[in-house]
Amino acid sequence: MAALLDFYASIADFCAFTKPEARYTIVVSEHERSFGFRRMEIEMDQVEDKRQAILDATLRLISVKGFHGTAMSKVAKEAGVSTGIIYHYFESKDELIYELYRDLKLKSARIMTDGHDVTQPVRSQIQHLLGNVIRYSVEHPQEVAYMEQYNRSPYYHPDVDSTLSEAYKPFAVCFTHAKEQKVIKDLPYAVITAFTTDVATSLAQKQARGVIELTPKLIEQVIEAAWEAIRQ
């Protein structure tokens, strides 16, 4: 039996080499026969996107070891792939770190703008967006911490966020309309976000460290306090 399993494992390795974007696993099921024999069914399934596994491993490692302490060999080990497979997807460590940031920014934008209804009054829109920001930040503290860490690192360049600004456009449009309608103070966009979305992410990080507990009631109070800070 051991020899047979080794044979099928070698087939899986060959498939992973020829199609590196997929990982395969060997599933062995045994069924008792009345005449005392066992039949092994070998099923080979594609089970994971290797690119995502590499990005997830990078996020976990950097959150503990930082950018400089995360070598490609460590990422490979954490992701369960060879170092060569990483370079199939990412030309360099710099590109891997950027692509992780890009993926997380796009993911966070989708979640933070989910359910945004432009037909609602701007106050309701702002409060809805802020609620999304807080809940995303509370539920994904590791991702938020990575994006903050990236923004403060030598890897960051303003051009990076300019290429991703379209994903966050609902925020800019909403705040712009609110200023035009004189519903909120006429402050630069960076100041408005400092009083609103930045506060939300900061509080979520404090919860991750155990400093506070953001209960549903407290989240609503934070949203109201943020609104009071920017309203006319």
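Select Glu143, which lies in helix H7. The model is a predicted one. Glu143 has a relative accessibility of 10%, so this residue counts as buried, the limit being under 20%.

**The whole chain**

Zoom out and colour by secondary structure. The chain holds twelve helices and two strands. Read from the N terminus, the elements run α-β-β-α-α-α-α-α-α-α-α-α-α-α. If you colour by accessibility instead, 34% of the 232 residues count as buried.

**After H7**

Go back to H7 and move on to Ser153, which sits in the loop between H7 and H8. Is Ser153 buried or exposed? Its relative accessibility is 12%, and therefore Ser153 counts as buried. Show its side chain together with the backbone of Tyr150: a polar atom of the Ser153 side chain lies 2.8 Å from the backbone oxygen of Tyr150.

**The largest pocket**

Next, display the largest pocket, whose volume is about 680 Å³. Its lining consists of 21 residues. Select Lys105, Tyr168, Thr193, Thr197 and Asp198 to find the lining residues that lie nearest the pocket centre. Two or more lining residues come from each of helix H5 (93-112), helix H7 (141-151), helix H8 (158-162), H9, H10 and helix H11 (197-208). Which element gives the largest share of the lining? That is H7, with four residues. Coloured by class, the lining shows nine nonpolar, seven polar and five charged residues.

**The loop between H9 and H10**

Select Lys182, in the loop that runs between helix H9 (169-180) and helix H10 (189-195). Lys182 is not a glycine, yet its phi is positive, at about 60 degrees. With a relative accessibility of 62%, Lys182 counts as exposed, because the limit for that class is over 50%.

**Helix H2**

Turn to helix H2, residues 50-65. H2 has 16 residues, and the distance from its first C-alpha to its last is 22 Å, close to the 22 Å expected at 1.5 Å a residue. At the N-terminal end, select Asp49 and Arg51. Asp49 caps H2 there, with a side-chain oxygen 3.1 Å from the backbone nitrogen of Arg51. Along the helix, select the buried residues Lys50, Ala53, Ile54, Leu55, Ala57, Thr58, Leu59, Leu61 and Ile62. Just past the other end is Gly66, with a positive phi of about 80 degrees.

**Helix H3**

The last stop is helix H3, residues 72-79. Which residues of H3 are buried? They are Met72, Val75, Ala76 and Ala79. These residues cover an arc of only 100 degrees around the axis, so they are on the same side of H3. Look down the helix axis to check this in the viewer. Then step to Gly80, which follows H3 and has a positive phi, near 75 degrees.

Technical notes
Residues are numbered from 1 along each chain as its sequence is written. This is a predicted model: local features need pLDDT of at least 70, side-chain atom pairs count only at pLDDT 80 or more; totals for chains, interfaces and linings use all residues. Side-chain values use heavy atoms; hydrogens and water are left out. Buried means under 20% relative accessible area, exposed over 50%, partly exposed in between (1.4 Å probe, protein chains only). The arc is that of the directions from the helix axis to the C-beta atoms. On a 1 Å grid over the protein atoms alone, a cavity is a set of points where a 1.4 Å probe fits but cannot get out, and a pocket is an open set with protein on both sides within 12 Å along at least five of seven lines; lining residues have an atom within 4 Å of a point. Grid points are joined across faces, edges and corners, and a volume is the space filled by probe spheres set on the points. Ala, Val, Leu, Ile, Met, Phe, Trp, Tyr, Cys and Pro count as nonpolar, Asp, Glu, Lys and Arg as charged, and the others, Gly among them, as polar. The expected span of a helix is 1.5 Å times one less than its number of residues. A polar contact is a pair of N or O atoms within 3.5 Å; within protein, one must be able to donate a hydrogen and the other to accept it, and residues adjacent in sequence count only if both atoms are side-chain atoms.
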